[in-house]
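Here is a short report on one protein model. Please keep the structure open while reading.

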Amino acid sequence: IATVVERYTTLTGKMPMPPRWTLGYHQSRHGYFPDTQVLEVAQGLRDRNFPVDAMWLDIDYMDEYRIFTWGPEFSKDPEAMISQLREDGIRTVVIIDPGLKVDEQWDVYTEGLANGYYVTNPDGTPFVGVVWPGDSVYPDFTNPEARSWWGDLFPAVTDLGVEGIWIDMNEPANFDSNNSWTVPDNVEMAGDGTLMTMAEGHNLYGSGMAHATFDGLVKHHPERRPFILTRAGYAGVQRYAAVWTGDVPSTWDALKTTLPMMLNMGLSGVSFVGSDVGGWMGGVQGDLFARWMQLGALSPFYRNHTQKNTEMQEPWEFGSEVEDVSRVAVQERYRLLPYWYTLFEECSRTGAPMLRPMVYEFQNDGAAHTLATQAMLGPWVLVAPVLEDEATERTVYFPKGTWMELDSGVVYEGPGLTTVSVRLGASPTFLRSGAILPRQQVLEWTDETP
């Protein structure tokens with residue numbers, strides 16, 4: 001299997017090494033508004049000894065949802081907010097959607113219109129859908145000139161200090177239920193020189209947006225590694241972006257599906273993957289949030305995110321026990337950053353996922369073939385997150401060999417099943433015989449010390 005994954009990623013592309021800060025904990029919410037709330041949440045994390053490397057801004061920061069703009073009601077001085085966060089070791093990531101507001105007074109819209117950079121109806125007129133700004137047009141990311149133009153728009157945010165870009169709604173989404181919530185199949189695109197319809201190019205759209213964004217960040221900030229998170233993409237999107245599993249509900253069923261989703265993504269070449277910790281919609285209960293924070297700490301991408309108009313979802317919102325459990329999970333993630341960073345480097349060379357299904361490491365063990373409730377972090381660490389409500393114990397399968405529980409030092413012999421206690425604070429983690437596990441002291445952010 002490892003050879004198949006390596007050959008597949010040789011064909012579709014390897015993940016480049018990301019900035020180290022992206023391996024840390026990220027805090028986000030649809031609804032942080034205004035900028036003072038962003039700063040208050042960041043300070044709350046610092047005051048409560050939660051390591052954190054990034055604060056994320058959803059669509060609320062924009063001026064009437066025009067991308068590459070800053071709303072005056074959100075912040076009178078966004079550069080000062082970004083600078084204040086950075087002084088405390090926290091990067092800023094902003095969302096950028098492909099739907100551009102139809103606005104004759106907005107230079108970004110009119111420039112794209114004048115140059116023919118949007119996807120079109122069969123009669124050659126720009127297709128107009130509906131996204132957050134209302135009537136919206138969509139850049140044609142299969143047009144190399146449009147990709148270049150798109151990349152040149154990013155200094156509007158990156159020159160103020162933004163270091164990460166979150167691209168969303170790039171399926172591409174369209175709030176028209178008559179067209180299955182997406183852009184119609186007969187819409188046309190340039191196809192890099194060969195005219196194509198959206199029916200042919202639909203799955204390429206998200207990857208094209210990631211490609212154009214990546215090239216723009218490299219062009220304007222060659223001194224640093226780009227970081228992009230995307231919701232959509234095609235084979236090879238790992239060349240440009242990390243991916244998250246989308247707008248999942250805050251339910252135990254959603255938590256259970258998250259681990260196999262991430263494992264399958266890793267086998268598909270997309271290794272830098274994570275979920276909305278806590279779930280995105282419906283509001284999360286304390287026990288579920290704690291377990292999701294533990295799973296997040298085992299995910300290559302680790303971000304707490306939820307929708308607007310739900311209960312607040314910062315780690316201290318659920319009482320002291322959940323706060324303590326969450327803090328331990330985040331701190332353990334930071335202790336293991338040397339190991340994580342090594343796995344990322346291996347992935348960049350070979351395509352090997354950081355988070356691996358058991359069958360990846362134990363292909364000749366039939367009992368490992370369908371396990372989806374536990375996984376391997378690289379070749380040496382077995383993790384068995386708790387994915388069931390009110391669980392007090394769980395079963396762990398150990399392949400052949402000797403395994404040591406990381407916290408207690410208790411040793412188990414495989415192959416075989418073992419039942420372990422899983423109080424709320426437990427996130428069962430086991431070292432494989434022969435492991436050397438590099439760790440470090442807990443930091444407040446990834447480059448706090450050399």
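In what order do the 9 strands of the open sheet lie?

## The sheet

The order is β12-β11-β10-β7-β3-β2-β1-β14-β13. The sheet is open, and its pairing is parallel. Its edge strands are β12 (273–274) and β13 (276–277), each of which pairs on one side only. Note that this is a predicted model.

Elsewhere in the order, strand β10 (residues 228–230) runs parallel to strand β11 (residues 242–244). The two are joined by 2 bridges. Thr230 sits opposite Val243 of β11.

## Strand β3 and its partners

Strand β3 covers residues 91–96. It has a neighbour on either side in the strand order, β7 and β2. Strand β2 (residues 54–57) runs parallel to β3, and 4 bridges join them.

Is β3 buried or exposed? Of its 6 residues, 6 are buried, so the strand is largely enclosed by the rest of the structure. Arg91, Val93 and Ile95 point one way. Thr92, Val94 and Ile96 point the other way. Both sets are buried, Arg91 and Thr92 included.

## Helices on the sheet

Helix α2 (residues 35–47) lies across β1 (25–27) and β2. It runs at about 155° to β2. Helix α8 (residues 205–220) packs on the sheet as well. It touches β3, β7 and β10. The direction of α8 makes about 165° with that of β7.

## The α11 and α12 pair

Now to a helix-helix contact. Helix α11 (residues 320–335) packs against helix α12 (residues 337–350) at an angle of about 60°. Their axes are 5 Å apart. That angle makes α11 oblique to α12.

Which residues meet there? Arg333, Tyr334 and Arg335 come from α11. Leu337, Pro338 and Trp340 come from α12. By class, the contact has 4 nonpolar and 2 charged residues, with no polar ones.

Terms used:
Residues are numbered from 1 along each chain as its sequence is written. This is a predicted model: local features need pLDDT of at least 70, side-chain atom pairs count only at pLDDT 80 or more; totals for chains, interfaces and linings use all residues. Side-chain values use heavy atoms; hydrogens and water are left out. Axes are lines fitted to C-alpha atoms, for helices over the stretch in contact, and angles run from 0 to 180 degrees between N-to-C directions. Angles under 35 degrees count as roughly parallel, over 145 as roughly antiparallel, 65 to 115 as roughly perpendicular and the rest as oblique. Contact means heavy atoms within 4.5 Å. Ala, Val, Leu, Ile, Met, Phe, Trp, Tyr, Cys and Pro count as nonpolar, Asp, Glu, Lys and Arg as charged, and the others, Gly among them, as polar. Buried means under 20% relative accessible area, exposed over 50%, partly exposed in between (1.4 Å probe, protein chains only). Two strands pair if DSSP finds at least two bridges between them.
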